[in-house]
Amino acid sequence: MSANQTSTTSASTNTGIDWRQVIVPAVVSILFFTLLTGLLYPAVITGIAQVVFPNQANGSLIEDASGNVIGSELIGQQFSDPVYFWGRLSATGPVPYNGAISSGSNYGPLNPALIGEEGTVQSRITALEEANAAAGVSVDTAIPVDLVTASGSGLDPHISPAAAQYQLPRVAALRGIDETTLQALVDEFTEGRTLLILGEPRVNVLRLNLALDEQYPVDGGGAAVPSTEAEATAEPTVEVTPDATAEGE
Amino acid sequence: MNPYHLIQYGVFLVVLLLCVKPVGIYLYRVFEGKPTALDFLLRPVERLLYRLLRVNPANEMTWRDYTLAFIVFTLCAAGWLFALLMVQSLLPEHNPALLTTPMTPDLALNTAISFSTGTTWQAYGGETTLTYLSQALGLVSQNFFAGGAGLAVGIAFIRGLAREQGTTLGNFWVDLTRAILWVLLPLSVLVALLLVWQGVPLNLNPYTQAATVQGETQTLPQGPIAALESIKNLGTNGGGYFNTNAAHPYENPTPLTNMIELWSIVVLPAALTYTFGRMIGRTSQGWFLLAVMTLLFVVGLGITGLAEQQGNPRITALGVDSTLSTAQPGGNMEGKEVRFGIHGSALAAVTTSNGATGSYNSMHDSYTPLGGMVPLVNMLLGELIYGGVGTGIYSMVMLVLISVFISGLMIGRSPEYLGKPVSVDEIKLVGLYLILSAAVILPLTALAVLLPAGRAGLVTNQGAHGFTEIFYAYTSSFANNGQNFAGLNANSVFYNLTTALAMLAGRIGLATLALALAGLFVQQRCRPPSSGMLPTDGFTFGVVLIAVIFIVGALSFFPALALGPLVEQLRLY
């Protein structure tokens, strides 16, 4: 590739620039460092990571008993069914929690799409209150702000403990378990600050909901109930799952 | 703010400050060619490379040759990345079903210039635009190039002040090589493995399809994420693997990775203040710069943290609980992640905007007007609070020189810095350096606001906030930062070309002026310190310096800030 640089024009005039002395090192160093830092470096650390931290290096995936991937413990999922704890709002398109394209809402603080009557905050407040009413519970406390706002990534796996607390009566009623039992489960999935000082206390929504389905399944199966059906079933009866309480007591 | 948040801020700063001296000494040894612990491994590689480059490492360059080498290297790197991006769709790994954003020539050009200048502004979402090959071979390596070249220029600038009666500033190829091999590469390996331990993926698997609890399908992107994540911060580049950068849980899964990533951004620029002091033989001058930087950092952090914790009054008015308690972060959580809360996000906003690194972990577009103005002002001031790797030190010294000049005029002494006279030629270059930002950012912002092609980018927000989005875009491009108010749709021919122009002006223009200034200083003698000199490391001078920083920044940009965030803040309440 550098064969033609042997032609002798090295006698650069006093005013001119010997371009060969600049271009050759530029091109060769880019090729060299591309191979070193663009190929060798990623390859070597990928190899190390795959051996030392295989779970994390492959995306902290959660699999079911038969080995199918349910999700990742780091990536939030859409929960709209009232029998589950709901996560943050997600602004990804075309559907919420689309892992293929992370996105925040990017709404400015005065954007009507955020704070207006039809805005995302008000819609979420309405949805939460309607879900409570349908479950036959009333919650006096104001809704925590993280439950009505969209996360930065659109994939936030966490909610605050307060946001879990707000939803606890609804989930307990719909699953027919008493609130202290459910409280214990929520506490189990509440992480404190990292190293006691970093970040915020938080609840991993996916892991909490998976534990809910495992320990207190809805309809005995614990399988997913499409949200439209769930809303229909949620209306008339509160104690839809009487058999689920046995283990809790 | 509760005690945890203050402790978190404090721990970050203390860890950073504790690293300044050891890392600063290491940088000093690397660039002065003194023995280091890694020599046994790296010296053979270095010797091989010089043979391939046909470079004699003992041959030093004048400022002109050094600048030329830097510019040619930057442009060649841009050309190579442009070519790679243009052919990525022809390579076997390309999957058009997942990569839905087409790599048009203007987007490829913008991306190529963006990465080669260390801006890493991204007009696209990584997970929908780039193949693994492009991410690794193209972007990961460019992060090393731009970081290494920036560090080299910074070192050359310091040599201009440190040497006397010379003509040369060092050899660009040697500085570049040593910056990559001795500094960026070993640190990147270390940081990348720490990040993987905490959950950042590092693999070559295809995207995973998950069957979710509610019976839907979720695509989980994979790839060499940690490999990019470490160097994008260490090289103060900041372009994310994903669309939402370090807000994405795969890029920044825990509060600990947040701290590691933010540390990676500022550790080298902060340590360079010690390297500076050591190279000029007066460490107190380096500590002085570090103290001023840290003070300004804390001020910005306080404003952003308080403004964001205050929350959005319009949301609170809807009956939402925005108060901070032990059970919730409260505040303005739109665009923020729960694991970082308000203050982990504010720390990132202030660190990344000062550090010329666009790796935000929350959506600045959704910040309160004052909270979002702090990152904007940090960039407008010239990213001199720690700053980009290599570029931060000369950004700060430029303001020091102006302060010396003004103080000299006020007290009737001929202005000097480090024993070197600051006379007409020097101050002309400093003046050009300082005026360049306004001369590029403001006309481009005005142009975008005037033209339909510019206003077409306002797809999310309108009014004063829309103006701020455009202003932020050009500020970030010129400052080679790369973070954005992401509501602006910047992937259009208009924005791809105009932001690329701002990036080139900010990178090559500022570096050329800094090196030219170093070329003047290197020829002068250093007069020994005497009682007749204005001390440039004391409290009084610190006050002058901070005043000058804000006056220069405010005079240039106050009208534009008034049209954007300030008017929005008044409307919010």
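Among contacts in chain A between residues at least 6 apart in sequence, what percentage join residues at least 24 apart? The share is 58%, where two residues are in contact if their C-beta atoms, placed from the backbone, lie within 7 Å. The model is predicted, so local features need pLDDT of at least 70 and side-chain atom pairs count only at pLDDT 80 or more, while totals for chains, interfaces and linings use all residues. Residues are numbered from 1 along each chain as its sequence is written, and chains are lettered from A and ligands numbered from 1 in the order in which they are written.

**Chain A**

Select chain A, which has nine helices and six strands; helices (H or I, at least four residues) and strands (E, at least two) are DSSP runs, numbered from the N terminus. Of its 249 residues, 47% are buried, a word used when 20 or more other C-beta atoms lie within 10 Å of a residue's own, with 12 or fewer making it exposed and anything in between partly exposed.

**The cores**

Next, select V196(B), L401(B), A514(B), L515(B) and A518(B), the residues with the most contacts inside the largest nonpolar core, which has 198 residues; such a core is a set of buried Ala, Val, Leu, Ile, Met, Phe, Trp, Tyr and Cys residues joined through C-beta atoms within 7 Å. Helix α6 (residues 132–162) of chain B gives the largest share of this core, 17 residues. Leaving aside residues up to four places away in sequence, V196(B) touches A49(A), F53(A), Q56(A), A57(A), L202(B) and A226(B).

**Two helices side by side**

Now show helix α3 (residues 63–87) of chain B with α6(B): their axes come within 11 Å and cross at roughly 170°, the axes being lines fitted to C-alpha atoms over the stretch in contact, with angles running from 0 to 180 degrees between N-to-C directions. That crossing makes α3(B) roughly antiparallel to α6(B), the description for angles over 145 degrees. Among the residues making the contact are F70(B) and F73(B) of α3(B), and Q142(B) and F145(B) of α6(B).

**A bent helix**

Finally, select helix α19 (residues 539–572) of chain B, whose 34 residues have end C-alpha atoms only 38 Å apart, short of the 50 Å that a straight helix would reach at 1.5 Å a residue. At F557(B), α19(B) bends by about 60°, and P559(B), a proline, follows within four residues; the bend is the angle between axes fitted to the seven residues ending there and the seven starting there. Buried residues of α19(B) include V544(B), F557(B) and E568(B).

Note on methods: Expected span 1.5 Å × (residues − 1). Parallel < 35°, antiparallel > 145°, perpendicular 65-115°, else oblique.
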